[in-house]
Amino acid sequence: MTRLTAYLFFLALVLPFTSIAQDHIAIGLLLPDHTNTLAIKAAEFAIKEANASGGYKGKEFKLVIRTAEGFWGAGSKESVSLVYEDQVRAIVGALDGRNGHLAEQVVTKSHLCYIETYATEPTLSQAFVPWFMRVVPNDNQQSTTIINQIQKEGEGSIAILSTQNYDTRYAVKSLTREVARVTNSSPLVIELDNADFTQEKLIEKILGNDLGHLVIPFDAPFLRDLIISIRERLPALHIYGTLHFTMGVEKRNHAWKDYEGVFMIGPHYDIHKYPTLPDSPSVYMYDAISLVVHAIRQVGTDRVAITNYISESEYSTAVTGSISFDELGNRKGASTLTRIQNGKPELIKQP
């Protein structure tokens, strides 16, 4: 932790929160940078809908956007600003695991509800912070769903691709642990060497291990070409992608037909009914903002009351399905699995 980050944590702990009368109700949006345009549009759409239906007691909702781009620790600095300068009633974030931890520590002191729409790293929930919740499935939930499907698809060795990325490391740990629990054996973890990586070397490694199942818990630009090549040479291999894999496919606007037969974690909803929510990050963002608006309309603008309501109630009208949380802030029933069939995602029913 840098001196600046430590100082920002200190400020969050010692600064008193003094509510200032405002002519609007602010909801914070914390992003890695401003390139998340679809997520921003989804949040703005949710706010626009809320205001069109009357706001709250004569006041309009207002979205306050801050980003964690720049030096390490910027996420905590901007979280402090949202809490003490912008007077937001709750924060909705779309951060990676590391920045999610920084934001989590800030909201702990302020008793401000923080809802995450991207980070799946499990220890964010294991901190037992009652003000942290997420609308996406964590790595452990995703691993259970994927390994259950692997069991359905039949026997065969299991391999997991891995990178040096922080979030990917946690996803691999969750998957490895779940494979061992269910099969009493360890999966093959294939580390991608960034200094000596070629697609052909990776394919040879996959082909040389007589695999039945391959799990990809990250996003990378080369994955489409890799999967197409694997399909040509090993058509019987079952391939599974985590939520971040799915988000990468959507971000690059790849055709679903290029991933025919691949199982993917992701929300299942009628995209034709919600054309303003074209991908997973946007639909999760829309639901999170709408959830905060709903809570404020039920219990008012007190921060603790908002947090308590969201953590203890069920929001049944969310686009991604009913939202409720366990005691650690993990969304119940969040890990839905689809399979690309005939060029489009089809829902796989869970037990």
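1. The lining of the largest pocket is made up of 12 nonpolar, 13 polar and 8 charged residues. Here Ala, Val, Leu, Ile, Met, Phe, Trp, Tyr, Cys and Pro count as nonpolar, Asp, Glu, Lys and Arg as charged, and the others, Gly among them, as polar.

2. The model is a predicted one: local features need pLDDT of at least 70, side-chain atom pairs count only at pLDDT 80 or more, and totals for chains, interfaces and linings use all residues. Residues are numbered from 1 along each chain as its sequence is written, and side-chain values use heavy atoms, with hydrogens and water left out.

3. The volume of the largest pocket is about 810 Å³. Among its 33 lining residues, N36, Y118, D219, M247 and K251 are the closest to the centre. A pocket is an open set of points on a 1 Å grid over the protein atoms alone, where a 1.4 Å probe fits, with protein on both sides within 12 Å along at least five of seven lines; lining residues have an atom within 4 Å of a point.

4. Helix 10 (243–251) supplies at least two residues of this lining; with 5 residues, helix 10 gives the largest share. Helices are DSSP runs (H or I, at least four residues), numbered from the N terminus.

5. The second largest pocket holds about 540 Å³ of space. E250, W256, Y269, I271 and P345 are the closest to its centre of the 24 residues that line it.

6. N51 belongs to helix 2 and is buried (under 20% relative accessible area, 1.4 Å probe, protein chains only), at 19%.

Notes: Points joined across faces, edges and corners; volume = space filled by probe spheres on them. Buried < 20%, exposed > 50% of the residue type's maximum accessible area, 1.4 Å probe, protein only.
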